[in-house]
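Please look over the model shown here.

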Amino acid sequence: MGKKIKQNMLRKRADKLEEVTEEMWEEVNEENKFIVGEYFDSRQELSPHTLIQYKSGLRQFFWWVRMKCRNRPLYEIKKRDFLKYRSYLINHGLSSSAINFKRSAVSSLCNFIENVYSEESEKYENFRNFTRGLPALPKNQVYEKIAVTEEEYRDMMEVLEEQEDYLGMAWLATAFNVGARRGELIQFKTEIIG
């Protein structure tokens, strides 16, 4: 292979958390699994992408509860437990935005319990969202924001061409020539090409 592209990362990218398989999910407290199912049955407004991420985030949380909190039911989880979970994610090397997204998934479930489910279950009538009121998580950056030079652009295009990654070349050419960020590029419609 020809040239090697240097990444300008400020910190090492975290390893992905272990995927919670169906077999692992079966070991999670039955009541917790039931509430998660109820929650998703009532959340048709979530986009398909958010649904996938929330399901993954909640499975990760409840697997951690299974391993570190004796598989307790959700109504027994306290702020202290959630702080330990957050520390686990920090120690695993996740970025502040990844941790905040996982917190958001758990918080959304807790809000559902407070607003809807608590009326139907005596166990949850005094339930409070344990993700609220915790110390803020300091933001960290993954990448130093450095504009790509014309020479670096050509080097990257050359590497992508060697790999026959023509879709990557199209993406890079669009990003470089219009100056869009990754999050903005995914909003482009193919109709603009023409």
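The questions and answers below go through rings, cores, cysteines, charged pairs and backbone angles in this predicted model.

Visitor: How are the rings of Tyr 54 and Phe 101 arranged, stacked or edge-to-face?
Guide: A pair of aromatic rings is described by the distance of the centres and the angle of the planes. For Tyr 54 and Phe 101 the centres are 5.4 Å apart and the planes stand at 65°. Planes over 60 degrees apart count as edge-to-face. The pair of Tyr 54 and Phe 101 is therefore edge-to-face.

Visitor: How many residues apart are Tyr 54 and Phe 101?
Guide: The pair links distant parts of the chain. Tyr 54 belongs to helix 3 (residues 48–68), while Phe 101 belongs to helix 5 (residues 96–115).

Visitor: What is the arrangement of the rings of Phe 127 and Phe 130?
Guide: Phe 127 and Phe 130 are both buried. Their ring centres are 6.1 Å apart, and the planes are at 80°. Because planes over 60 degrees apart count as edge-to-face, the pair of Phe 127 and Phe 130 is edge-to-face.

Visitor: Which residues does Ser 108 contact, leaving aside its neighbours within four places in sequence?
Guide: Ser 108 is part of helix 5. It has 13% relative accessibility, so Ser 108 counts as buried. Leaving aside neighbours within four places in sequence, the contacts of Ser 108 are Tyr 39, Arg 43 and Tyr 54.

Visitor: In the largest nonpolar core, which residues touch the most other members?
Guide: This core holds 37 residues. The elements that give two or more residues to it are helix 1 (22–26), helix 2 (30–41), helix 3, helix 4 and helix 5. The residues that touch the most other members are Phe 61, Phe 62, Leu 74, Leu 109, Ile 113 and Phe 130.

Visitor: How many residues make up the second, separate core?
Guide: Among its members are Tyr 153, Met 157, Leu 160 and Met 169. The number of residues in this second core is six.

Visitor: How many disulfides does a search of the whole structure find?
Guide: A disulfide is a covalent bond between the sulfur atoms of two cysteines. Cys 69 is buried at a relative accessible area of 2%, and Cys 110 is buried at 0%. The number of disulfides found in the whole structure is zero.

Visitor: How far apart are the closest N and O atoms of Arg 59 and Glu 22?
Guide: Arg 59 lies in helix 3 and Glu 22 in helix 1, 37 residues apart, and the pair links distant parts of the chain. Glu 22 has 47% relative accessibility, so Glu 22 counts as partly exposed. The two residues form a salt bridge whose closest N and O atoms are separated by 3.1 Å.

Visitor: Which residue forms a salt bridge with Glu 27?
Guide: Glu 27 is in the loop between helix 1 and helix 2, and its partner, 39 residues away, is in helix 3. Glu 27 is partly exposed, at 39% relative accessible area. The closest N and O atoms of the salt bridge are 2.6 Å apart, and the partner is Arg 66.

Visitor: How many residues apart are Arg 154 and Glu 150?
Guide: Arg 154 forms a salt bridge with Glu 150, with 3.4 Å between the closest N and O atoms. Both lie in helix 6 (residues 150–162), about one turn of the helix apart.

Visitor: What is the phi of Arg 70, a residue other than glycine?
Guide: Most residues other than glycine have a negative phi, and most peptide bonds are trans. Arg 70 is in the loop between helix 3 and helix 4 (79–92), and with a relative accessible area of 67% Arg 70 is exposed. Asn 71, in the loop between helix 3 and helix 4, has a positive phi of about 60°. The phi of Arg 70 is positive, near 55°.

Terms used: Residues numbered from 1 in each chain as written. Predicted model: local features only at pLDDT ≥ 70, side-chain atom pairs only at ≥ 80, totals over all residues. Heavy atoms only, no water. Phe/Tyr/Trp six-rings, centres within 6.5 Å; stacked < 30°, edge-to-face > 60°. Helix = DSSP H or I, 4+ residues; strand = E, 2+ residues; numbered from the N terminus. Buried < 20%, exposed > 50% of the residue type's maximum accessible area, 1.4 Å probe, protein only. Contact = heavy atoms within 4.5 Å. Core = buried A, V, L, I, M, F, W, Y, C linked by side-chain atoms within 4.5 Å. Disulfide = S-S within 2.5 Å. Salt bridge = Lys/Arg side-chain N within 4 Å of Asp/Glu carboxyl O.
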